[in-house]
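I opened the notebook for this structure today. I will go chain by chain and write down what I look up.

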Amino acid sequence: MNDNDTTVLTSRLHQLADELTPPLDVDGQVHGARAGHRRRRRTRVVLLAAATATTVVLIGVPLTIESLTSAPSGGVAGPAPAGAGSTASDSRDADRRAAEEAATRARDAAQQTSGGSTAIPDGWEPRTFQGVTFAVPPGARSADAVTDLPVSSWTDGPSLVWNGPHLGGDLYSSVNVTVTQPFEGGLPPRGGGRWFTVPGASSAYGNIETSLMTDGVAQAERTVVWLEMLAGDRVVHLDAVFDGGPSGEQMARDLIASIVVD
Amino acid sequence: MSDQRDDEFTDFVAEHGARLLRTACLVTGDTHLGEDLLQTALAKAYGAWAKVREADHPVAYVRRLMINAHLSWVRRLTNTERPYERFPDSGSGDHQSIHADTDELRRALLRLSPRVRTAVVLRYFEDLSEAEAAHVMGCSRSTVNNHVSRGLAALRGVLAPEQDDLTTTSRRHQ
């Protein structure tokens, strides 16, 4: 295209914008924006409270079990009475050891279910990118595409794209991992998801969704995964598309379970 | 404080909302989706108003929020990247299908992938430079260049008749 063509294009785009754009309802937009912001903030507070409560339960129960089962051999599990064969200092040491062992076991369990070699399904291939470890299914149609951008904002950063197999029409399976700065110190505001537990991430929000996609010929069901993880001073964004149905959903779950953020 | 924010925000929407809405309608190719997209971006802007008002170019900041939201929708609802720019001609499920026959450019734009369409709109409607468009879209300049090249190639056929008309008209005036 030459300059004349692009001038014509600009002119036609403005004509199209005139045709497509309705009059702006300023009051409606302002009211809607305010309501949308407050709705999202309420949702985040509720979800954060639920996640905190869940975390407390998940950490508290193993610690309680550990302290109960670490009674002397043959003894009845229960709170140790003060002065019953041990000093207060011994009791504190035992509690600390029990807590450390419980934490180690919890970490190992998380590694095994999330990123350890035993948790990766057969044939899946491990990937490590910018301190994020995850696994992808076999059958990549081409090498991973890596973009080495600096982490310069909450929208810009390096990315890795796994180019998965053909899903039909012009759709392909893919996994995209991008690392950015946090949005105002946290995850970008976003609704429609739920909180996940990802080893190494202080919070993780996303979802596994079934989406009707146009594959160039007809509409077909696909499994879409999106997950945003806060880890220190960065946010890891993960987007993936798999085939629809139970096998695709299982792949999505396996992908999420394989993620570990260093 | 909140009242002051509301007043400033309302002034901002009154001053710049119409322009942002035009861009939203073009990148989505749909009036209602465009309004929804602007609403989403404005909600985010309202939540981060302190940052928006302190930005060098508040409109550019909100436009970036809007494009980011648009591309996030695309990522979530379609593929991460579309290797080919092919959309079905049937227009089933497309809100604009009623008008598609009468608007060749809009149909051609809808056939482009959302990223390519966004790049074309930012370059030739918003008149942004390649670097500015790359900043807004969160990708490299070469990616924008690639998107724009593909978009222009796909649109060439649509623009050719108009260019012919213009040529004919200009010849007539000679």
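In what order do the elements of chain A run from the N terminus on? I read α-α-α-β-β-β-β-β-β-β-β-β-α-β. That comes to four helices and ten strands. Helices (H or I, at least four residues) and strands (E, at least two) are DSSP runs, numbered from the N terminus.

Before going on, I note that this is a predicted model, where local features need pLDDT of at least 70, side-chain atom pairs count only at pLDDT 80 or more, and totals for chains, interfaces and linings use all residues. Residues are numbered from 1 along each chain as its sequence is written, while chains are lettered from A and ligands numbered from 1 in the order in which they are written.

**Entry: chain A overall.** I looked up burial. A residue is buried if 20 or more other C-beta atoms, placed from the backbone, lie within 10 Å of its own, exposed if 12 or fewer, and partly exposed in between. Chain A has 262 residues, and 29% of them count as buried. Next I checked contacts, meaning C-beta atoms within 7 Å. Among contacts in chain A with a separation of 6 or more, 55% join residues 24 or more positions apart.

**Entry: strand E5(A).** This strand covers residues 171-180. Ten of its ten residues are buried, so E5(A) is largely enclosed by the rest of the structure. In a regular strand, side chains alternate between the two faces of the sheet. Here Leu171(A), Ser173(A), Val175(A), Val177(A) and Val179(A) point one way. Tyr172(A), Ser174(A), Asn176(A), Thr178(A) and Thr180(A) point the other way.

I then looked for partners; strands pair if DSSP finds at least two bridges between them. E4(A), residues 159-168, runs antiparallel to E5(A), joined by seven bridges. One bridge partner of note is Ser174(A), paired with Asn163(A). E9(A), residues 234-243, also pairs with E5(A) in the antiparallel sense, over seven bridges. There Leu238(A) stands opposite Val177(A).

**Entry: helix H7(B).** Which helix did I check in chain B? I took H7(B), residues 114-124. Eleven of its eleven residues are buried, so H7(B) is largely enclosed by the rest of the structure. Among them are Arg115(B), Val116(B) and Tyr124(B).

H7(B) packs against H8(B), residues 130-137, at about 135 degrees, with axes 9 Å apart. Thr118(B), Ala119(B), Leu122(B) and Arg123(B) of H7(B) meet Ala133(B), Val136(B) and Met137(B) of H8(B).

Conventions
Contact = placed C-beta atoms within 7 Å. Axes fitted to C-alpha atoms, helices over the stretch in contact; angles between N-to-C directions.
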